[in-house]
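Hello,

Here is the structure I promised to pass on to you. Have a look at it first, and then read my notes below.

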Amino acid sequence: LPLAVLRFLLIKIIMDGLIPPSFGDLGKSAKNLFDKGFDYPKVKVGLKTKTESGVEFEATGTHNLEKARTSGNLKTKLKCPSYGFTFTETWTTGGELDTELIFEPEKVEGLKFTLSSEWF
């Protein structure tokens, strides 16, 4: 066969995906399931929801089976886009309260004021 025909056939095979996949990635997704984000002695639970008025709630909890410890937190986020305010509050089972108030005025693009506080 002429060289031009062979080149055409090779390009056609590559473009159509008829070359077998690389075996280096075979089973990679199953391996990542156990290596990344899978921490055996811990059980984690999370829940996110948003009300009709725009208030976001996020509750997370963790239980360590080896140490028999349980922890969790509740995060509440309220946005007032008409005024440019976002209020975030996080309560933990350790009795900590973290609050954050963010003000981003619409008239000055890129300007952001943040006020953070923690109570123990």
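Let's start with Phe113, which counts as partly exposed because its relative accessible area is 47%, and partly exposed covers the range between buried, under 20%, and exposed, over 50%. Please keep in mind that this is a predicted model.

Now to the aromatic rings. A pair of aromatic rings is described by the distance of the centres and the angle of the planes. How many aromatic pairs does a search of the whole structure find? The search gives 2. In one of them, Phe85 and Phe103 are tilted, with 35° between the planes and 4.8 Å centre to centre. Phe85 belongs to strand β4 and Phe103 to strand β5 (residues 97-103), so this pair ties together parts that are 18 residues apart in sequence. Phe103 is partly exposed, as its relative accessible area is 26%.

Phe103 also forms an aromatic pair with Phe113, and that pair is stacked: the planes are 15° apart and the distance is 6.2 Å centre to centre. Here the link runs from strand β5, where Phe103 sits, to Phe113 in strand β6 (residues 113-119), and the two residues are 10 apart. Taken together, ring pairs join Phe85, Phe103 and Phe113 into a cluster.

Enjoy exploring!

Best wishes

Technical notes: Residues are numbered from 1 along each chain as its sequence is written. This is a predicted model: local features need pLDDT of at least 70, side-chain atom pairs count only at pLDDT 80 or more; totals for chains, interfaces and linings use all residues. Side-chain values use heavy atoms; hydrogens and water are left out. Rings of Phe, Tyr and Trp (its six-membered ring) pair if their centres lie within 6.5 Å; planes under 30 degrees apart count as stacked, over 60 as edge-to-face and the rest as tilted. Helices (H or I, at least four residues) and strands (E, at least two) are DSSP runs, numbered from the N terminus. Buried means under 20% relative accessible area, exposed over 50%, partly exposed in between (1.4 Å probe, protein chains only).
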